[in-house]
Every structure is written in C-alpha cells, then in structure tokens.
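Welcome, and please get your viewer ready. We will go from the whole chain down to single side chains, one selection at a time.

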Amino acid sequence: MKPILSKAQLDYTKAKNLFENRAKVLEKEIAAKRALQEITQEVMEELVQATGFHDAYNDLVIAENALIEWSHTTIKHEKAYRENRSAIDAMYENVNSSPEKRQELIQLSMKIR
C-alpha cells in the first residue's frame, strides 16, 4: 500500500523527477556538443535553456521551499515539537545555511505522514 502524501510532498516528488530527467537530457546534449565543438559558457547557457534544465531547477527550488514550509507548519501539532520548539525552530531558520542541512530537512519532510 502506497503511503498517502501531502500536496507539498507530491509536488516536490514531481519537481525532483522532472529535474532529474532534464539533467539527464542536458548531460546527453553536452556530450553530443562536446564531440563537435568546445563547450563555452554561451553554448552551456543555450543548452541549459533549450533542455528545460533551468526551468526544472527553478521549479524544484520552489517545491523544496513549499515542502519545508509545509513540514514546519505540520510538525507544530506534534508533542515532540512543543517539547523542543526552540531547537526545531532554529533548525528551520538555518535551513539555508548549508546545502547539506537543507537536504537533510527535505528528506525528513518527506518522511512526515
């Protein structure tokens, strides 16, 4: 039986899958171009736009932010939150202090049911 996911979790999963698919397409396009010419910044920018990678990245960041916000709102009803409110709020306030912390919070947010 599949777990029931929130809208924020579903949107994040969809955005992440799209981003990963666009990344694969971008890698293939880079490899094909590299065989024909040098990859300059201009060529890379064209490929990023043409493959939809840039839009997929932006959509992923928006979905991540919505997921983080949703998880913070959702856990406020839990006993563990009330007992550790300052530490948990500090974690959410510092979510952008490092990519590792952000990714860890996203992974934890995906485990909320």
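Predicted model: local features only at pLDDT ≥ 70, side-chain atom pairs only at ≥ 80, totals over all residues.

**Stop 1: the whole chain**

Show everything as a cartoon. Turn the view along the principal axes, and the C-alpha atoms fill a box of roughly 60 × 35 × 15 Å.

Now colour by burial, if your viewer can do that. Buried residues make up 32% of the 113 residues. As for contacts with a separation of 6 or more, 66% of them come from residues 24 or more positions apart.

**Stop 2: two helices side by side**

Select residues 53-75, which form helix α3, and residues 85-93, which form helix α5. How many Å apart are their axes? The axes are 11 Å apart, and the helices pack at an angle of about 170°. Angles over 145 degrees count as roughly antiparallel, and α3 and α5 are therefore roughly antiparallel to each other.

Next, show the side chains where the two helices touch. On α3, pick I68, S71, H72 and I75; on α5, pick I88, D89 and Y92. Sorted by class, this contact has four nonpolar, two polar and one charged residues.

**Stop 3: D89**

Stay on helix α5 and zoom in on D89. Is D89 buried or exposed? D89 counts as buried, because its relative accessibility is 16% and the cut-off for buried is under 20%. Draw a distance between the side chains of D89 and H72: a polar contact of 2.8 Å joins them. Leaving aside neighbours within four places in sequence, D89 is in contact with H72 and Y81.

**Stop 4**

Move on to the loop between α5 and α6 (99-110), and select N94. With a relative accessible area of 40%, N94 is partly exposed. N94 and R113 are 19 residues apart in sequence, and their C-alpha atoms are 23 Å apart in space.

S98 counts as buried, at 18% relative accessibility. Which backbone nitrogen lies 3.1 Å from a polar atom of the S98 side chain? That nitrogen belongs to K101, so show the backbone there to see the pair, which falls within the 3.5 Å limit for a polar contact.

Technical notes: Residues numbered from 1 in each chain as written. Heavy atoms only, no water. Axes fitted to C-alpha atoms, helices over the stretch in contact; angles between N-to-C directions. Helix = DSSP H or I, 4+ residues; strand = E, 2+ residues; numbered from the N terminus. Parallel < 35°, antiparallel > 145°, perpendicular 65-115°, else oblique. Contact = heavy atoms within 4.5 Å. Nonpolar A, V, L, I, M, F, W, Y, C, P; charged D, E, K, R; others polar. Buried < 20%, exposed > 50% of the residue type's maximum accessible area, 1.4 Å probe, protein only. Polar contact = N/O pair within 3.5 Å; in protein donor to acceptor, adjacent residues only side chain to side chain.
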